[in-house]
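Visitor: Could you walk me through reading a few features here, beginning with the metal site?
Guide: Gladly; let us look together.

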Amino acid sequence: MRLAELIGTLSLATDAGTGMPDYHALRGAAVAVRFARVLGADARTVADAYYLPLLAASGCTAESHTSAEVFGDEIQIGVDTYGLDYGSAPAMLPAMFRTMSRGRSKVGAIVSMARSMSKMPKMRAVGRAHCEVAIHLAERFGFDEPFRAALFQAFERWDGSGRPMAVKGEQIALGMRIAHIAVDANVGHRLGGVDGAIALLRKHGGRGLDPALVERFVVAAAEICAPLEEPSTWNTAMAAEPAPQRSVEGEALDEGLRAIADMTDLKCRFTRGHSTGVAQLARAAAAWLELGDETETALTRAGLVHDVGRVAVSAAIWDKPGPLTDSERERIRTHTYVGERVLSKAPGLASVAEIATLAHERLDGSGYHRRLPAAACSTAARVLAAADVYQALREQRPHRPAMGADQAASELRSMARGGSLCPDAVAAVLSGAGHSVRPPVRPSGLTDREIEVLRLLARGLTNREIASALDISTKTAGHHVQHVLEKLHVTTRAAATMIAMKTGLAQA
Ligand SMILES: [Fe+2]
C-alpha cells in the first residue's frame, strides 16, 4: 500500500476531527507540491512540503478533553474560526463567542466565554501536546528526524507569535513555510477562488506567513491553485505525491495502523488502548474460527481502525458522565459514518474497510449506521462486532465501571441469545479472551446458513420471521428449514430444536 494513501486516510480523519472541510489537508498537500516546484525547491523540500500538510493536524486528539473544557466543543471551534488569522485576537474572539453561543442564551454565552478565557492558558500545553503527538506518529510512519523537526513547527508563525517554540522567520523550515502558505491558499480558494487565495495570503503575509514567499505564490497563483479545480481531490492529491512514491507493507503497515489506532483512542480518556485490544481479540477469534491468514490479517487491521471516526465527535460527549441527550446520542452514531468515509478512499485499505465499517451493525438490524440485516454481515464483521463489545465492556466508561471478565462474557452470551451478536463470533471472541468455550458444532453437515436457520428455528421463529431476520424471502426460508430437517433426519421443528439444544447451538 502507498504511504500517501495511509496518511491521506489519516488526514481525512484529522480534517473531521478539527472541524475542517472535507479534503482540507489533501488539498493543501497538492498545492504545496506545486508551489515548491514553482519555487525550484530541491527534491527533499518538495517531498516534505507534500507530507507536512497531511500530518500537520495528526496530533489533534491530544488533550481533547482540555480543548473541550475550554471551548465547549473542540471541533466546532475549528468550524467557527475557519479562514481566520489564528494569531489575531480581534479576529478570533468573536468567532470563539459564536462557538460559545451555540445552544446557550446570551448571558450563558458570556459566562462561558469568561470561563473559557480564564482557562485559555491551558491551551498552550495543548498546542505543544498536538505537536509532540504528531512527531511521535510521524516516526511510526517512518519519517526521519529532519522531517519531524519541520512538522514540530506546524503551529509556528513567521512573526514569532506561534507555538510551541515561538521561532520566527527563516528559523521555520522552508518545507513548513511552503505548507503553511499552501494550506491557507486552499482556505482562501474555497472562500473565493484564486482571487480569494491571493487575498487571504496577502492578509496573512508577514504575520503567519513568509511575505516573500507569498509574493512568489501570487505571481503564479492560478497555476499553483490548479489542483484545487480538479473534480477528485483524492486522485489529484495521490497523483501529486513526489517520486519516488513511498510504500508501506507488512509490519510497517501494521505499525502505521497501530499509530492510527492510538491516535484515535487518545481522543477519550476511557478508550486508551481500546482499538489495539479489539484487534488482538479479533485476531485470536479469527484463528479459533480458522478463517485463514488473509481474513485474520484484514480483521486485525479492521480492529485497529474501526473507531477512527470517533475523532469527529467532541470529547465533551465521549467523556460525559451523565446521561446523554438525544442529540449527543445522534452525534455518537455519526462516528461510524465518518469512519466509513475516512476508510473508503484508499484502495489499499478496501478489505479492511469492508469489515471495519460494520463494527456497530447488529444481526437483528438494531445496529448503526446502516442498520444492515444479518445476511449483509460477514463472519469477519460479526467477529469484529463481538470483539468490540467485549473489549468495551472490560473498559471503564464515564457512566459505568469496567466489567469483570465473567460478567462481560455473560453479557455477550445474552446478546447472542437475543439475536444481536453472532453466537459463533461470541464463542470465538470469548475463547480468544481466555474463557473456556466449546468448539463450534456442525451437526449433520449443515452449512453456515442452515446453522443460522436452525438457531432461529430453535428460538421459535416462524418461516416468515426467519426470512425477515436473514433478509431473504419466506419461500427461501422455508426451503432452508426443510433442508435442515432433512439433514437432521427429523420431521418436526421441536425435534430439530432438541438437537440444537443438545449441540449447544441454541445457546451462545
Ligand atoms: Fe470500538
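Guide: First, what counts as a donor: an N, O or S atom within 2.8 Å of the metal (3.2 Å for Na, K and Ca), and since water is not among the atoms, sites may look incomplete. In this structure the donor residues of the iron ion follow the spacing H-x31-H-D-x80-D in sequence. Please keep in mind that this is a predicted model, where local features need pLDDT of at least 70, side-chain atom pairs count only at pLDDT 80 or more, and totals for chains, interfaces and linings use all residues. Residues are numbered from 1 along each chain as its sequence is written, and side-chain values use heavy atoms, leaving out hydrogens and water.

Visitor: Which residues coordinate the iron ion?
Guide: H274 and H306 each coordinate through NE2, while D307 and D388 use OD, at 2.1 to 2.3 Å.

Visitor: Why is the arrangement of the four donor atoms irregular?
Guide: Four donors count as tetrahedral if all angles lie between 85 and 135 degrees; four count as square planar and six as octahedral if opposite donors are over 155 degrees apart and all others between 65 and 115; anything else is irregular. Around the iron ion the angles run from 80 to 169 degrees, which makes this site irregular.

Visitor: Are H306 and D307 buried or exposed?
Guide: Buried means under 20% relative accessible area, exposed over 50%, and partly exposed in between (1.4 Å probe, protein chains only). Both H306 and D307 are buried.

Visitor: What span should helix α20 have?
Guide: Helices (H or I, at least four residues) and strands (E, at least two) are DSSP runs, numbered from the N terminus. The expected span of a helix is 1.5 Å times one less than its number of residues. For the 15 residues of α20 (residues 379-393) that gives 21 Å, and the end C-alpha atoms are 21 Å apart, which agrees. Of these 15 residues, 14 are buried.

Visitor: Where is G273, and what does it touch?
Guide: G273 sits in the loop between α14 (250-265) and α15. With a relative accessible area of 34%, G273 is partly exposed. Contact means heavy atoms within 4.5 Å. Not counting residues up to four places away in sequence, G273 touches D265, Q391 and E395.

Visitor: And where is S420?
Guide: S420 lies in the loop between α21 (405-418) and α22 (423-432). S420 is buried, at 10% relative accessible area. Leaving out residues up to four places away in sequence, its contacts include R362, D364 and M415.
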